[in-house]
Amino acid sequence: MQFHHHGYVSGDPRRQEAAGTGVDRPVDLPDTTDVLIVGSGPAGMLLAAQLAQFPDVSTRIIERREGRLVLGQADGIQPRSVETFQAFGFAERIVAEAYNIAWMNFWGPDPENPGNIVRTARTEDYAFKISEFPHLIVNQARVLDYFAEAAAQGPGRIVPDYGVEFVGLTVHGDGEYPVEVRVRHSTGPRAGEERTVRAKYVAGCDGARSAVREAIGRRHVGEFSAHAWGVMDVLVNTDFPDWRIKCAINAAAGNILHIPREGGYLSRMYIDLGEVAADDDHRVRQTPIEEIIRRANEILHPYTIDVREVAWHSVYEVGHRVTDRFDDMPDDGGREPRVFLTGDACHTHSAKAGQGMNVSMQDGFNLGWKLGHVLTGLSPEAILETYSAERQPVAQQLIDFDREWSSLMARKPEEISDPQELATFYLGTAEFPSGFMTQYGPSALVGADEHQALAAGFPLGKRFKSVEVTRVCDGNVIHLGHHAKADGRWRVYAFADSAAAGRPSALAEWASWLATDASPLARHTPAGADLDAVFDVKVVYQQAFDDVDIAQVPEVFLPKTGPLGLTDWEKVYAAGPDAWRSADIFAERELSRDGVVVVVRPDQYVAAVLPLTATDELAAFFAGNLLTSGRGSSPTSSASATARSS
């Protein structure tokens with residue numbers, strides 16, 4: 001973790017110095033704001049945490065509850081989400097308190113006594129097979145707490161405006177703040193009072209019954225299945241031997257998905273309530289908790305659970321819906337979008353695949369940096385069109401996956417020909433629920449794939465999959481991707497050719513070009529900002545770290561930052577073997593030994609793969625999604641970029 005570069009820090013280094021709108025932030029909701037976030041769920045709080053890194057963007061988040069969420073419904077945290085937590089600075093802390101899913105066991109009818117269940121398979125969880133991060137279970141409320149901390153401690157000092165609910169909105173054709181939003185105080189002495197707030201952009205993060213979605217006329221397309229499930233978080237005494245292991249249980253009496261929770265005692269159970277009659281009219285949702293517990297014991301036979309406390313319970317019918325578009329851009333494309341939908345507001349599905357919170361957070365991550373770049377003058381408004389274009393296909397893929405998983409989970413024993421089928425599906429599709437199959441197509445933010453072979457292990461449009469390297473300045477082994485924080489900056493990784501530092505090479509020529517006025521650093525870094533305010537440029541040499549002479553490394557990889565002009569030593573890495581690390585990123589990610597440049601977006605997705613000699617192509621790529629420094633060097637842009645580099 002880097003700090004002190006703006007002067008000595010004696011307190012918590014995670015609390016950044018307030019800047020821009022974070023200085024003397026108004027306590028009351030103002031009449032105007034750049035971004036109004038409606039809803040403080042996973043997408044909304046991540047969006048707030050990201051925009052807190054753009055302190056000259058005024059951002060407010062309204063929530064109709066009177067305070068923080070106490071008990072969240074979502075709990076599954078996939079490895080891609082833990083990667084995201086790492087970028088926001090709290091992965092280690094949340095991993096320490098979470099339940100780590102190490103195994104998943106499968107139970108089915110005993111062939112000799114079909115009224116009883118027996119264990120049919122034990123499978124190691126998929127997380128560490130495809131990521132350096134675990135598969136976790138932790139209360140959604142705690143996830144929101146961590147993002148709230150990141151938002152409040154960022155330079156923008158964003159905190160939710162609790163007790164304020166969204167009523168409606170109107171998008172006007174012009175004006176500095178074209179979105180007119182009607183809100184109402186829902187709690188406290190001002191309860192019932194309505195007022196108007198005007199915004200440049202609105203993000204609807206307000207759940208499956210989204211009022212923002214209704215206000216912009218978008219439709220939730222899909223239907224409920226004719227199957228109901230009860231879900232409960234319980235503290236129990238039981239003789240079921242796998243109580244602290246995730247289990248899929250299939251019995252003659254129905255099905256259970258059992259998931260241990262954090263803390264060592266709490267567990268969540270999804271209990272099959274069976275088919276729902278066509279004329280039920282959602283009456284199944286009134287199923288009492290006593291009946292849900294009875295069903296659970298019937299399915300678990302010969303084992304029993306003695307429920308000592310029910311922390312939370314609900315009944316739901318599986319619904320698979322995706323909104324027709326994730327923003328309010330007119331069909332004729334007459335203007336850029338002003339209102340965006342995230343999370344359950346634009347996609348709903350069952351909870352059993354553990355995707356709701358995870359996909360919602362990636363919605364917020366995708367949108368946040370784009371709004372920050374547009375509102376600070378770094379990027380044109382047109383990049384906002386990519387939000388719906390990128391996230392809607394992901395949501396549809398999620399719906400398709402969840403429909404198949406839900407169908408498999410709901411089968412009766414006589415419908416199962418292979419007892420291993422569910423376990424096989426669970427492991428065979430692991431990369432999708434982990435969040436690693438998302439791949440954005442070509443756009444202004446994802447380049448062409450003509451040079452993909454130079455970095456085959458970093459597929460364009462997919463998230464940057466980290467590998468350990470050695471930091472040259474101190475010899476420490478770190479994951480290269482873990483150094484990339486959610487600060488709104490682009491990452492440019494220069495993987496060197498085989499020449500050593502200080503010798504004539506393709507890398508040396510590329511670095512010299514990067515220091516010229518023709519490079520993206522000169523063209524797109526706002527005047528007065530640190531050299532690395534927009535682009536975090538790093539180099540990885542093929543040699544071992546003690547064979548890299550850091551004094552011979554080009555200066556562009558050792559930039560001076562902050563008001564004191566201090567050298568940043570942590571941008572130079574080595575891939576060669578050493579005593580502490582066996583991985584070689586060139587081999588692990590199939591990188592060309594002739595060198596290659598890999599560009600990664602602020603939300604950690606690979607944007608471009610180019611040879612070191614393709615300087616014109618690199619300049620053209622950034623010219624397609626960033627404004628020149630002359631157009632983007634307003635005081636707002638410069639201040640925001642400088643704050644982000646801190």
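Across which strands does helix α15 lie, and at about what angle to β27 does it run? I put this to the model, which is a predicted one, and found that α15 (residues 615-623) lies across β21, β22, β26 and β27, its direction making about 160° with that of β27.

I then looked up the sheet itself, which is open and has seven strands in the order β20-β19-β25-β22-β21-β26-β27, with mixed pairing. Its edges are β20 (477-479) and β27 (606-610), each of which pairs on one side only, and I noted an average twist of 30° from one strand to the next.

Within the sheet I followed β22 (residues 535-541) to β25 (residues 572-574), and found the two strands parallel and joined by three bridges; here Val540 stands opposite Tyr573 of β25. I also checked helix α12 (residues 506-514), which packs on the sheet by touching β21 (490-495), β22 and β26 (596-600), and which runs at about 165° to β22.

My next entry concerns helix α1 (residues 42-51), where I found ten of the ten residues buried, among them Met45, Ala48 and Ala49. The axis of α1 comes within 8 Å of that of helix α8 (residues 356-375), and the two cross at roughly 30°. Because angles under 35 degrees count as roughly parallel, I recorded α1 as roughly parallel to α8, and their crossing as right-handed.

Last, I listed the contact between these helices: Pro42, Ala43, Leu46, Leu47, Gln50 and Leu51 of α1 meet residues of α8 including Met361, Phe365 and Trp369.

How values were computed: Residues are numbered from 1 along each chain as its sequence is written. This is a predicted model: local features need pLDDT of at least 70, side-chain atom pairs count only at pLDDT 80 or more; totals for chains, interfaces and linings use all residues. Side-chain values use heavy atoms; hydrogens and water are left out. Two strands pair if DSSP finds at least two bridges between them. Helices (H or I, at least four residues) and strands (E, at least two) are DSSP runs, numbered from the N terminus. Axes are lines fitted to C-alpha atoms, for helices over the stretch in contact, and angles run from 0 to 180 degrees between N-to-C directions. Contact means heavy atoms within 4.5 Å. Buried means under 20% relative accessible area, exposed over 50%, partly exposed in between (1.4 Å probe, protein chains only). Angles under 35 degrees count as roughly parallel, over 145 as roughly antiparallel, 65 to 115 as roughly perpendicular and the rest as oblique. A crossing is left-handed if the near helix is turned anticlockwise from the far one by less than a right angle, and right-handed if clockwise.
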